[in-house]
Amino acid sequence: MIGEGHRLTEGHIARHTPRGASAGDEVARLDVAQDFLLAHLAELGLFEHIAFKGGTALRKLYAGNAGRFSTDLDVAIRDPAADRASMAALIAEAATGQLGPFHFSSVKGRGDRWQLAVESEFGPVNLRIKLDVGAPCWLTPEARGYVSIPIHQQYGFTPPALPCMRLEEIIAEKIARLTRRSTARDAFDLVWLATTSPHSAFDRALVRRLVVLKVWVDNNGLRPAWNPTLAPK
């Protein structure tokens, strides 16, 4: 079981704290807890039905400790005909329980939104993991391994390779979201990707095409899985 052989200590968590993080060690605890949770979901086979995406995927699979910390768990459903609300509920149920030094519990929010509360043996975690199950990827997801960082050696398991939304599509989604709302986190990620080798060698023509199409779909929708967004511009 994930977490049974961990060797984590409070000192490991302290050294893992991202520079400049306003929440200090609490941020590091949540970041490590996410790794235990993702490995657990992969072990259960749930990543056969979903693909990892968003800012947390960028940190785990592309940037490592150089990336921005993200509290969200964003995934895309693989089957356009599948019910996203049911998948979100299934993930929330699967995430409930003890994994090593972390205990997870699911909290139902508005509509079909779920959040995961985390308790840690190493101190408080007041931040919650926001779970979002999105529409399917447009490009075929690719399996990516974690960027290796020192704290992984204390987990007692190897972080698994996960099916991930293609980098060009992650970028396109972030740019398209800027037409709905502008966030510093998306701007940070876009600048980091555009200026950091080898990721800066992404296919710009493909990104441009995806952005135009995603903005159109945000306004008009696309059956069966893509609904218009709220207040698109």
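**View 1. Cavities in the whole structure.** A search of the whole structure finds three cavities of 30 Å³ or more (sets of points on a 1 Å grid where a 1.4 Å probe fits but cannot get out, with lining residues having an atom within 4 Å of a point). The model is predicted, so that local features need pLDDT of at least 70 and side-chain atom pairs count only at pLDDT 80 or more, while totals for chains, interfaces and linings use all residues. Residues are numbered from 1 along each chain as its sequence is written, and side-chain values use heavy atoms, with hydrogens and water left out.

**View 2. The largest cavity, with about 70 Å³ of space.** Its lining is made by Gly 55, Leu 58, Arg 59, Ala 63, Ala 66, Gly 67 and Arg 68, together with Phe 188, Asp 189, Trp 192 and Leu 193. Helices H3 and H6 each supply at least two residues of this lining (helices being DSSP runs of H or I with at least four residues). Sorted by class, the lining of the largest cavity has six nonpolar, two polar and three charged residues (Gly is counted as polar).

**View 3. The packing of helix H3 (residues 54-63) with helix H6 (residues 184-195).** The two helices pack at an angle of about 25 degrees, and their axes are 11 Å apart. That angle makes H3 roughly parallel to H6 (under 35 degrees). On the H3 side the contact is made by Gly 55, Leu 58, Tyr 62 and Ala 63, and on the H6 side by Asp 189, Trp 192 and Leu 193 (heavy atoms within 4.5 Å). This contact of H3 with H6 has, by class, five nonpolar, one polar and one charged residues.

**View 4. The second largest cavity, with a volume of about 50 Å³.** Asp 31, Asp 35, Arg 59, Lys 60, Gly 64 and Asn 65 line this cavity along with Tyr 146, Val 147, Ile 149 and His 152. Helix H2 (25-43) and H3 each supply at least two residues of its lining. By class, the lining of the second largest cavity has three nonpolar, three polar and four charged residues.

**View 5. The crossing of H2 and H3 at roughly 85 degrees.** The axes of H2 and H3 come within 12 Å, and the two helices are therefore roughly perpendicular to each other (65 to 115 degrees). From H2, Asp 31, Gln 34, Asp 35 and Leu 38 meet Thr 56, Arg 59 and Lys 60 in H3. By class, the contact of H2 with H3 has one nonpolar, two polar and four charged residues.

Note on methods:
Axes are lines fitted to C-alpha atoms, for helices over the stretch in contact, and angles run from 0 to 180 degrees between N-to-C directions. Angles under 35 degrees count as roughly parallel, over 145 as roughly antiparallel, 65 to 115 as roughly perpendicular and the rest as oblique. On a 1 Å grid over the protein atoms alone, a cavity is a set of points where a 1.4 Å probe fits but cannot get out, and a pocket is an open set with protein on both sides within 12 Å along at least five of seven lines; lining residues have an atom within 4 Å of a point. Grid points are joined across faces, edges and corners, and a volume is the space filled by probe spheres set on the points.
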